[in-house]
Amino acid sequence: MKTSVKALMLSTALMLGAASGALAQDKTVKIGNLTDMSGLYSDLGGVGSTLAAQMAVEDSGLAAKGWKIDVIAADHQNKPDVGSTTARQWIDVEKVDVIVDVLNSGVALAVNNVVKEKNSILLDSGAGTSDLTNAQCTPNTIHWAYDTYMLANSTGTALAKAGGDTWFFLTADYAFGAALERDTTAAVTKAGGKILGSVKHPLNSSDFSSFLLQAQASKAKIIGLANAGGDTTNAIKQAAEFGIVKGGQKLAGLLMFIPDVHSLGLPVAQGLNFTETFYWDMNDSTRAFSKRFSERTKNKSMPSMVHAGVYASLIHYFKALEALGNNPHDGAKVVAKMKELPTDDPLFGKGLIQPNGRKIHPAYLFEVKTPAESKGPWDYYKLVGTTPADQAFRPLSESTCPLLKK
C-alpha cells in the first residue's frame, strides 16, 4: 500500500512538472481580427486587416523559432452586442489571446470592457474614440493608429487658424461621432473659432440632403464631417451635388482614409484636408510594405491607416512575447511589457506607448491632389503639415485615465 501511494505521488509530481514545463514553454498565439466585413467601414479594415495581421505574423519570424500563430476573423456588424459576444466566445472557447482592429467606437468600448474582465488584450487601430485611453482606459488595451483628440488637434486647429473660424458639424449618431465632435469643438474653440451648430445623422446614411441644407443655411465657413467611411464619402458626393464648396463653404473630412479618396475620385476629393498617421508613399519602408500588401490584394487597394495599425501593433506585440520568452496568456502582463519596450516598426517609425495605452507618433495633415498633380494610381496626397509625436495626442497631464492616478 505504501509503495502504491509513493508511486502515485511520484507520478502526480512528474505530471505537474511536465505541465509546468509545457506552460513555461508555451509558444502558441491566436489573433482575432474583429472588424466590419460587410458594412460602411469594410474597405478601411475588413479582409485587409486580416491580411495585415498575417503579414505581421510572417514578418515577425517567430514561426522559424518554434512559435505557432493563428489568425481568425469575424464581422461585428457595427453592433456592440455582437462585438462583445464574439469577444467572449473567442476568449473563453477559441482561446484568442489578442483582438485587433475593432472598427467602430461603440463596438470597441464594449470589447474594451470584455478584454479587461477576461484579462485578454485589445490592440485597437480601427476605432477612433479617445476615451479608450482616457476615461475608459484599462491595463489591457493599447490604442495604436489615431484617435479623435489627434484628429481634432491637427485638422480642427489647422483649419481654424487658417481662417476657418466658424463651424457646423454633421455627426454620426454614436460614440465615435460624439467623441469627434466633442474633441474638435474643444480644438476649434481653443484656436479662437466658434461652433454655429450641429446635426446628428444615423450610422450608414444614404441621404444627407436635409443635413447638408442645415449646414449650408448656417453659413459656417467649415462644415465638419464627424463621421467616417461610407458616411463621409456619401456626404461629400451629395455636398458636391448641392454646390456647397462652390458656394464658398469648405468641407473638413475629420476622419478620412485612402480608400475613401479612391472611392470619391480626385475630381470630387481634390482640395480636401484631413489628418492621418500613415500614408503608403511617405518613405521607402512604407512603400515597400504597401507594395507587398497591394500585390496580395491583386492590386485592388493600398493599405489604410487601420491596416497599418494592425500590422505595426502586432509587430510590437510579438517583440514583447519574445522578450518574455513565451506567451504567458496574461493580457495585462504582456501589455505592460509592450509599454516598457520602445516601439520601432517600418510604418510608424520609432515611438513609445504611454502608461494610459496611447501609442504616440507624428500626425500628418494632408491635402488631396488635383487630377493634374497626381502622377499615377493611388498618388493622392500632398503633405501640408506635421504635428510632432509629443504634441499630436492628448497630454498625460490632461488625461482622466485611472491608470495614471497615484
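**First stop: helices H7 and H8**

Select helices H7 and H8, where H7 passes H8 in a right-handed crossing. A crossing is called right-handed if the near helix is turned clockwise from the far one by less than a right angle, and left-handed if anticlockwise. The model on the screen is a predicted one, in which local features need pLDDT of at least 70 and side-chain atom pairs count only at pLDDT 80 or more, while totals for chains, interfaces and linings use all residues. Residues are numbered from 1 along each chain as its sequence is written, and side-chain values use heavy atoms, with hydrogens and water left out.

H7 covers residues 209–218 and H8 covers residues 230–242. Helices (H or I, at least four residues) and strands (E, at least two) are DSSP runs, numbered from the N terminus. The axes of H7 and H8 are 10 Å apart, and the angle between them is about 60 degrees. Such axes are lines fitted to C-alpha atoms, for helices over the stretch in contact, and the angles run from 0 to 180 degrees between N-to-C directions. H7 and H8 are therefore oblique to each other. In this scheme, angles under 35 degrees count as roughly parallel, over 145 as roughly antiparallel, 65 to 115 as roughly perpendicular, and the rest as oblique.

Which residues in H7 meet H8? Display Ser 209, Leu 212, Leu 213 and Gln 216 in H7, together with Ala 235, Gln 238, Ala 239 and Phe 242 in H8. Contact here means heavy atoms within 4.5 Å. By class, this contact of H7 with H8 has five nonpolar, three polar and no charged residues. Ala, Val, Leu, Ile, Met, Phe, Trp, Tyr, Cys and Pro count as nonpolar; Asp, Glu, Lys and Arg as charged; and the others, Gly among them, as polar.

**Second stop: helices H2 and H12**

Next, select helix H2 (residues 46–60) and H12, whose axes come within 8 Å and cross at roughly 30 degrees. H2 and H12 are therefore roughly parallel to each other. Here too the crossing is right-handed, as H2 passes H12. Among the residues of H2 that meet H12 are Gly 48, Ala 52, Met 55 and Asp 59; the H12 side includes His 307, Tyr 311, Leu 314 and Phe 318. The contact of H2 with H12 has eleven nonpolar, four polar and one charged residues.

Side chains of opposite charge can pair when their charged atoms come close. How many salt bridges does the structure hold? There are 18, a salt bridge being a side-chain nitrogen of Lys or Arg within 4 Å of a carboxyl oxygen of Asp or Glu.

Begin with Glu 117 and Arg 88, whose side chains meet in a salt bridge at 2.9 Å, N to O. Glu 117 lies in helix H4 (residues 105–118) and Arg 88 in helix H3 (residues 80–94), so the pair ties together parts that are 29 residues apart in sequence. Glu 117 is exposed, at a relative accessible area of 52%, and Arg 88 is partly exposed, at 32%. Buried means under 20% relative accessible area, exposed over 50%, and partly exposed in between (1.4 Å probe, protein chains only).

Move to Glu 340 and Lys 337, which form a salt bridge of 3.0 Å, N to O. Both lie in helix H13 (residues 331–340), three residues apart, about one turn of the helix. Glu 340 is exposed at 55% relative accessibility, whereas Lys 337 is buried at 17%.

Then select Lys 369 and Asp 379, a salt bridge whose closest N and O atoms are 2.7 Å apart. Is Lys 369 buried or exposed? Lys 369 is buried, with a relative accessible area of 13%, and Asp 379 counts as buried at 9%. Finally, display Asp 131, Arg 182 and Asp 183, which salt bridges with shared partners join into one network.

**Last stop: two backbone angles**

Most residues other than glycine have a negative phi. Select Asp 101, which is not a glycine and yet has a positive phi of about 75 degrees. Asp 101 is placed in strand E3 (residues 98–101) and is buried at 0% relative accessibility.

Lys 298, also not a glycine, has a positive phi of about 60 degrees. Look for Lys 298 in the loop between helix H11 (284–296) and helix H12 (305–324). Lys 298 counts as exposed, at 70% relative accessibility.
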